[in-house]
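Morning, everyone. I have one structure to go through today, so let me put it on the screen.

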Amino acid sequence: CFNNSLFLPSGFLWGVGSSAYQTEGAWDKDGKGPSIWDVFTHKKGKVFRNETGDSSCDGYYKVKDDIQLLKELKVNHYLLSISWPRIMPTGIKAEQLNEKGIQFYNDTINSLLENNITPIVSLYHWDLPQVLQEKYGGWQNISMINYFNDYANLCFEKFGDRVKHWITFSNPWAVAEKGYETGEHAPGLKLGGCGAYKAAHHIIKTHAKVWHSYNNTWRREQRGMVGISLTSGWGEPVDPHSKTDRDAAERYIQFHLGWFANPIYRGDYPEVMKNYVGKKSAQQGLGTSRLPTFSVQEKTYIKGTSDFLGIGHFTTRYVLQKNFPFLQVSSYHTDPDLAELVDPNWPAPGPKWLYSVPWGFRRLLNFIKTQYGNPLIYVTENGVSEPVQCPQLCDEWRIQYLKGYINEILKALNDGVNVKGYTAWSLLDKFEWNKGFSERFGLYHIDFKNKGKPRYPKASVDYYKRIISANGFPNPREVENWHRKAMDTCSATHQHLAADSLITHMEMVTEIVLPTVFTLCILISIVLLILYLRSHS
């Protein structure tokens, strides 16, 4: 139910987010080294329509413009990521630093602060320097721990006087599972059954090392916080009265969230993960589990290495028990012995995976509170996308999604969950990894066909701005009024966009058609001249 009036605690942080590779473009400009995503997207057949993030939103050149959008939204914070190869082209500190890259992030951070916007900075949103992938095999190799720690320390040294909220890794689940298990994401490796576990193991150790580096070297002077951002859906048992379904739903969450959160908050992988992967490994005749183990010293070293927990959350699944015979090829996906279902009545405005199920969010937040000792939580990613047929500025479904999910945060706060901030995902329509530009998460629409990459506010901008200004929801009549005003605004913007699109189309036609016609005229003239000369010789 939607309560009569619900406000968040004073000091609650409202923001939006984005990531470097998805928005910056300028993939090879000003001394930036190649990342695994540059190389991956340049291979045919890896991304929908072979699209790339080479120029994406041109965010590298539009910092001032985008900060104006943030001011328009009245956000308290902006979550951004630093591109490792932009400041360290090979990923190795001893080899080379790129001063222009460092300057770019210095300017961005300074501009944010001048406009009273707090930067929350992720050190890693998937764009590993390609050299480290080629030389060492990326996250399959333990040497990443020291290379990443060097990079993190450089960031603390250069930016830590102004940045007080650091995220080591954004959604490491996707890095491990999609990068090294299914190969859907860069570096595109299909190391079934082992690759994801190994990558995750090294990422967790790296995270702990970076936290200790900050704690020992920088914390006293800089007084900031270091956390990690984990993305997880909620798993609800199909039959809540059935123990097998309840256990399967618990496994779903442990194999997603617990995989990373349990070592950080409790010192080791979830028992159920160790049991299931161990059992499957033994059935395959392997001497040791495919899930690596932490030594006693490592467990102590990793436990407690997060000053806050970032949570990305988009959707929910119903879960039930499903046995996979052990004859099949081993896989992270068959290890937990479960199947996922959706309710056909759940709204699915965008892609097939993203159903709007707000109540799952409150349950996930309460699970975190119970399992991990009620840590300080910042919601780092939450939002919904639309498929791109034609520009849809009147994004009614995104308004409903935001309203539903933010309301569940209010309920979770009443349950005693320690949520201190919310980040809508995302500021702009941007490059969506292997989906290219076919999914749009932005509050602002971008016309990617237009060279200037103009930004246009969707209705959700107006609506979210009002939530921020009110710090929650006043009475239902007022909220309904917001909705109406947002819809009015987007209709006007739509006309503006249509006019601009027509001009862009005409420009493209002019740019392509006129030179083509001109060239054809010349060719025809030459042919006619040759024929004329031949007939008269």
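Before the strands, one definition: two strands count as paired if DSSP finds at least two bridges between them. Please also keep in mind that this is a predicted model.

I'll start with the barrel. Eight strands close into it, in the order E2-E3-E4-E5-E6-E8-E11-E13, and the pairing is parallel. From one strand to the next, the twist averages 25°.

Next, the open sheet. It has three strands, in the order E7-E9-E10, with mixed pairing. At the edges are strand E7 (234–237) and strand E10 (338–341), each of which pairs on one side only. Direction ignored, neighbouring strands here are turned by 40° against each other on average. Strand E9, residues 316–321, pairs with E10 in the antiparallel sense over four bridges, and Tyr 318 stands opposite Leu 341 in E10. H10 comes back at this point: it packs on this sheet too, touching E7, E9 and E10, at about 125° to the direction of E9. Helix H13, residues 359–371, also packs on the sheet, where it touches E7 and E9. The direction of H13 makes about 100° with that of E7.

Now a single residue. Is Glu 298 buried, partly exposed or exposed? Glu 298 is found in helix H12, residues 296–302. Its relative accessible area is 24%, so Glu 298 counts as partly exposed; buried would mean under 20% and exposed over 50%. Leaving aside neighbours within four places in sequence, Glu 298 is in contact with Lys 205 and Thr 293. Between Glu 298 and Ala 26 there are 272 residues in sequence and 39 Å in space, C-alpha to C-alpha.

Last, helix H15, residues 459–470. It has 12 residues and reaches 17 Å from first C-alpha to last, close to the expected 16 Å. Which residues of H15 are buried? They are Ala 459, Ser 460, Val 461, Asp 462, Tyr 463, Tyr 464, Ile 467 and Ile 468. After H15 comes Asn 471, with a positive phi near 55°.

That's what I have.

Notes: Residues are numbered from 1 along each chain as its sequence is written. This is a predicted model: local features need pLDDT of at least 70, side-chain atom pairs count only at pLDDT 80 or more; totals for chains, interfaces and linings use all residues. Side-chain values use heavy atoms; hydrogens and water are left out. Helices (H or I, at least four residues) and strands (E, at least two) are DSSP runs, numbered from the N terminus. The expected span of a helix is 1.5 Å times one less than its number of residues. Buried means under 20% relative accessible area, exposed over 50%, partly exposed in between (1.4 Å probe, protein chains only). Axes are lines fitted to C-alpha atoms, for helices over the stretch in contact, and angles run from 0 to 180 degrees between N-to-C directions. Contact means heavy atoms within 4.5 Å.
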